Amino acid sequence: METPTYVTLALLTLGYAVTVVVSLIESVPLPYDLDSCIKQHILHLNTSHTPPHLAEAFCVKKFILLNPNMRVKVNFTTDETDYIQSLFRQVEADSGVDTQKGRFKRQTMGRRRHRREMRSAPYLQWQQYVRAVTSLKRTQRGTNGRSRYDTLAAIHTAAVDEVHFGPSFCPWHRLYLILIETALRVPIPYWDPTIDGEMTDPTQSVVWTNKYFGNGNGLVVTGPFRNYYTPTGPLARNIGSDGLLFSKENIQQLFRYRFNRDIFEPASLGGQMSTLEGQHNMVHFWIGGHMNEFEYAAYDPVFWNYHAYVDYVWENFRRLQVRRGVNPEQDIVRSWEQDPNSFAVGLQGLRIREGYSGRIARMVTYESMPKCPECGNSSDMFCRRGVCVSTSGSYRRNRISFPRRVNRRSFGNLFRRTRGKRSVVSKFNGAKDTSVELIDLAFVPVKVIRNINQDITNYTSVNLTIGITRVISPECIRHPETLHNNVIYAEADGLNYKGKYKDFAYVNNSAIIYLGAQKPTNDTSEVFITAYDRCGRTCIPSCLVKDSNPPIYNTCTGAIRITSQNPVMYLSFPYEPELQHQNNTTIPPIEFHCTF
Ligand SMILES: [Cu+2]
């Protein structure tokens with residue numbers, strides 16, 4: 001464990017009390033949709049095993065993704081549209097509906113879409129997949145800079161706000177995978193994250209090595225997908241910094257339900273952890289980097305392997321439905337926003353309801369999840385107490401160095417070294433999808449105060465809007481030592497701009513964490529700040545009372561507005577904002593009390 005250097009910094013903050021404050025960062029109410037989402041989900045926490053932080057993260061994601069002002073526009077060239085159409089003609093031929101378009105039959109995959117766990121021996125399927133992805137990525141980049149791979153990934157960008165957080169999620173992604181597989185001409189091996197979840201530390205899994213996905217932390221510089229470009233800078237990941245992996249218990253929980261409406265968003269009674277989509281989100285959060293920006297998630301090839309798994313889980317659910325006398329083809333769900341009869345965005349004339357059809361389902365077969373004792377005869381999995389566990393790949397892991405200073409021009413994902421020498425969690429994604437210069441970030445000092453609860457068995461977490469909850473992350477139930485970890489995360493999510501910045505500190509008593517937000521220029525920036533620990537227990541925010549001297553803090557939601565009036569209450573970009581601290585008289589506009 002690191003020595004907490006924040007103690008000294010905390011002492012320096014005592015000097016603040018004498019400074020006169022003019023408030024240019026002020027507390028604002030949470031947007032209605034976000035607020036009600038959080039309230040609704042936290043009310044259901046007791047049955048959902050979702051710790052309060054993940055409920056908040058889910059709602060923030062939903063709010064941002066569905067915010068029309070933050071939509072990413074994608075225009076396809078006619079060449080791209082023709083390409084996608086030609087793939088769909090092959091899909092039609094493959095699905096056995098045919099056809100005067102029979103001439104495509106020769107080049108198609110037929111029914112050879114047999115998806116296996118990526119680590120299963122022999123490793124041929126994985127190698128074929130890598131070769132196929134690589135060659136699509138290497139195709140010539142069109143006028144808009146997109147290779148064939150990028151065109152396919154951009155379909156997800158275009159569809160993102162219409163096919164998430166609702167019943168279109170499973171059927172749309174199923175159709176999308178079929179399309180991708182048609183382009184690849186090889187089956188997509190699935191990645192079963194529960195096998196990693198059985199490890200003590202899943203970030204050490206062999207999948208995050210050269211042999212498979214390449215490194216999981218920072219810019220992807222090893223493995224077959226190294227140095228991939230994306231619309232927001234080089235491909236990046238940040239495994240294990242947030243979220244959760246699927247667990248076998250989560251899946252059993254899903255299989256207790258009978259109808260799609262029980263396991264599809266919008267969450268029914270159990271909260272989002274009871275829906276397939278909600279659980280799926282947690283893995284996106286867990287991988288981090290581009291996978292955590294749904295607009296750009298498909299630029300990481302992990303996306304296909306992971307989604308093949310999600311589709312497999314859904315297929316298993318459909319099989320169970322058949323046994324329970326439900327016809328999965330007819331168990332079609334609609335919501336206010338998502339209509340099964342609408343066209344599947346980006347998928348050239350197919351309707352969402354096709355995604356439920358037997359015709360599409362029959363195109364794919366799944367080899368069952370690796371089971372003991374063979375565990376796919378793989379050297380990358382072993383059997384322990386009746387379950388397959390992923391091997392750790394550390395012996396093959398390349399050492400990765402993080403850039404101390406990030407190239408100012410490549411701003412898709414900024415990974416900043418944090419205090420200490422281990423993982424890197426900060427990132428900021430371009431505001432309104434344009435490149436953001438570091439210089440445009442306002443670093444808001446956030447004070448975190450920890451009142452250590454000596455009672456080890458007390459899991460209590462308090463959420464301001466709702467009150468006390470006793471839910472912690474399932475990982476912490478399995479590894480209770482995590483409850484004593486003194487790491488506190490703080491995160492700033494843009495409410496009127498697209499951007500997220502996260503950092504952490506080892507907090508014994510108190511610490512200041514600097515969070516990057518979009519610097520207010522003509523506009524004001526609104527940002528939702530949260531703080532929490534590894535178990536997902538949230539800290540209570542309080543905001544500086546305007547013009548109070550000495551400073552007084554009142555409870556608030558964590559949403560603040562940053563204005564450009566003087567004097568500034570944030571720091572501007574030096575490479576390491578902490579270094580400026582000594583001369584800094586900025587009073588933190590927000591404080592968090594962590595009582596657990
Ligand atoms: Cu998606």
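This is a predicted model: local features need pLDDT of at least 70, side-chain atom pairs count only at pLDDT 80 or more; totals for chains, interfaces and linings use all residues.
Let's start with helix 5, which runs over residues 78–94. Its 17 residues reach 24 Å from the first C-alpha to the last, close to the 24 Å expected at 1.5 Å a residue.

Which residues of helix 5 are buried? They are Glu 80, Leu 87, Gln 90, Val 91, Ala 93 and Asp 94. Looking down the helix axis, you would find these buried residues within an arc of 165°, so they line one face of helix 5. That buried set packs against helix 7 (148–159) and helix 8 (169–184). On the other side of helix 5, Thr 78, Thr 81, Asp 82 and Gln 85 are exposed. Just past the end of helix 5 comes Gly 96, with a positive phi of about 90°.

## Two loops around helix 8

Phe 165 sits in the loop between helix 7 and helix 8. Although not a glycine, Phe 165 has a positive phi of about 55°. Phe 165 counts as buried because it has 28 C-beta neighbours inside 10 Å.

Arg 185 is not a glycine either, and its phi is positive at about 65°. With 15 C-beta neighbours inside 10 Å, Arg 185 counts as partly exposed.

## Cis peptide bonds

Ala 121 and Pro 122 are joined by a cis peptide bond, with omega about -10°. Pro 122 belongs to the loop between strand 2 (113–115) and helix 6 (124–138).

Another cis peptide bond links Glu 265 and Pro 266, with omega about -5°. Pro 266 is in the loop between helix 11 (260–263) and helix 12 (276–287).

## An annotated segment

An unreviewed UniProt entry carries the annotation "domain: Tyrosinase copper-binding" for residues 300–311. Over residues 300–311 the chain is 83% helix and 0% strand, and the end C-alpha atoms are 18 Å apart.

Terms used. Residues are numbered from 1 along each chain as its sequence is written. UniProt positions are given in the numbering used here, feature names are shortened, and annotations may be inferred rather than shown by experiment. Helices (H or I, at least four residues) and strands (E, at least two) are DSSP runs, numbered from the N terminus. The expected span of a helix is 1.5 Å times one less than its number of residues. A residue is buried if 20 or more other C-beta atoms lie within 10 Å of its own, exposed if 12 or fewer, and partly exposed in between; C-beta atoms are placed from the backbone. The arc is that of the directions from the helix axis to the C-beta atoms. Two residues are in contact if their C-beta atoms, placed from the backbone, lie within 7 Å.
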